[in-house]
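The following note sets out some points on the structure displayed below.

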Amino acid sequence: NQFGCNLRINIGAYGGTAEASIPPHDWTLRADLTNDGKVDFEDFAEQARSMMEDESPRRGDLKRDGSPDMGDLALLTEEWLGQTSWCEP
C-alpha cells in the first residue's frame, strides 16, 4: 500500500482490507509516523528508532519491504515539512 495508515477506523462491509484503509486525498502523509498531521523532526526521530529496532513490523518501513533503510529515509525526506489538510499550524 503506497498510502499512509489511516487515522480512522473503517467498520464498513470491507473494513480491514487494503482498500478500506486508503485515506482520502490529502488526509495523511506516508512519512507522518507520529500521526500528528505533519512530517518533522519527531517523525525523523521515530524513523531513526525504527531503523535500530529488531521487532516487526517496524513503523519506519515506508516502502513496506520488511526492513527500514536509507530508501525509507529518502521517502521521509520527500515529504519533509509536509502537512495534511486537517493539520492545525
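What percentage of the 89 residues in the chain do buried residues make up? The share is 30%, where buried means under 20% relative accessible area, exposed over 50%, and partly exposed in between, with a 1.4 Å probe and protein chains only.

1. Basis of the note. This is a predicted model, in which local features need pLDDT of at least 70 and side-chain atom pairs count only at pLDDT 80 or more, while totals for chains, interfaces and linings use all residues. Residues are numbered from 1 along each chain as its sequence is written, and side-chain values use heavy atoms, with hydrogens and water left out.

2. Overall organisation. The chain contains 2 helices and 0 strands; these are DSSP runs numbered from the N terminus, with helices being H or I of at least four residues and strands E of at least two. Of the contacts with a separation of 6 or more, 47% involve residues 24 or more positions apart, contact meaning heavy atoms within 4.5 Å. The accessible surface amounts to about 5,900 Å², and carbon and sulfur atoms account for 56% of this area. Accessible areas come from the Shrake-Rupley method with a 1.4 Å probe, and for residues only the protein chains shown count as cover.

3. Nonpolar core. The largest nonpolar core consists of 7 residues, namely Leu29, Ala31, Leu33, Val39, Leu62, Leu75 and Leu76. Such a core is a set of buried Ala, Val, Leu, Ile, Met, Phe, Trp, Tyr and Cys residues joined through side-chain atoms within 4.5 Å. With neighbours within four places in sequence left aside, Leu75 is in contact with Arg30, Ala31, Leu62 and Lys63.

4. Nonpolar surface patch. Phe41, Phe44, Trp80 and Leu81 make a nonpolar surface patch of about 450 Å². Patches are made of residues with over 30% relative accessible area and no salt bridge; like charges are joined within 9 Å, and nonpolar side chains (Val, Leu, Ile, Met, Phe, Trp, Tyr) within 5 Å. Phe41 is exposed because its relative accessible area is 63%, whereas Trp80, at 31%, counts as partly exposed.

5. Aromatic pair. The model has 1 aromatic pair, under the rule that rings of Phe, Tyr and Trp (its six-membered ring) pair if their centres lie within 6.5 Å, with planes under 30 degrees apart counted as stacked, over 60 as edge-to-face and the rest as tilted. Phe41 and Trp80 form this edge-to-face pair, with 5.1 Å centre to centre and 80° between the planes. The pair links distant parts of the chain, since Phe41 is in helix α1 (residues 41-52) and Trp80 is in the segment after α2, 39 residues apart.

6. The segment after α2. Leu81 lies in the segment that follows α2 (70-78). Although Leu81 is not a glycine, its phi is positive, near 65°. Leu81 is exposed because its relative accessible area is 60%. Gly82 belongs to the segment after α2 as well, but Gly82 is buried, at 19% relative accessible area. Not counting residues up to four places away in sequence, Gly82 touches Leu29, Gly37, Lys38 and Val39.

7. Salt bridges. There are 4 salt bridges in the structure, each being a side-chain nitrogen of Lys or Arg within 4 Å of a carboxyl oxygen of Asp or Glu. Side chains of opposite charge can pair when their charged atoms come close. One of the bridges joins Lys38 to Asp36, the closest N and O atoms being 3.7 Å apart; Lys38 is partly exposed at 28%, and Asp36 is partly exposed at 22%.

8. Relative accessibility is 35% for Lys63, 45% for Asp65 and 27% for Asp69.

9. A further positive phi. Arg64, in the loop between α1 and α2, has a positive phi of about 60° without being a glycine. Arg64 counts as partly exposed because its relative accessible area is 40%.
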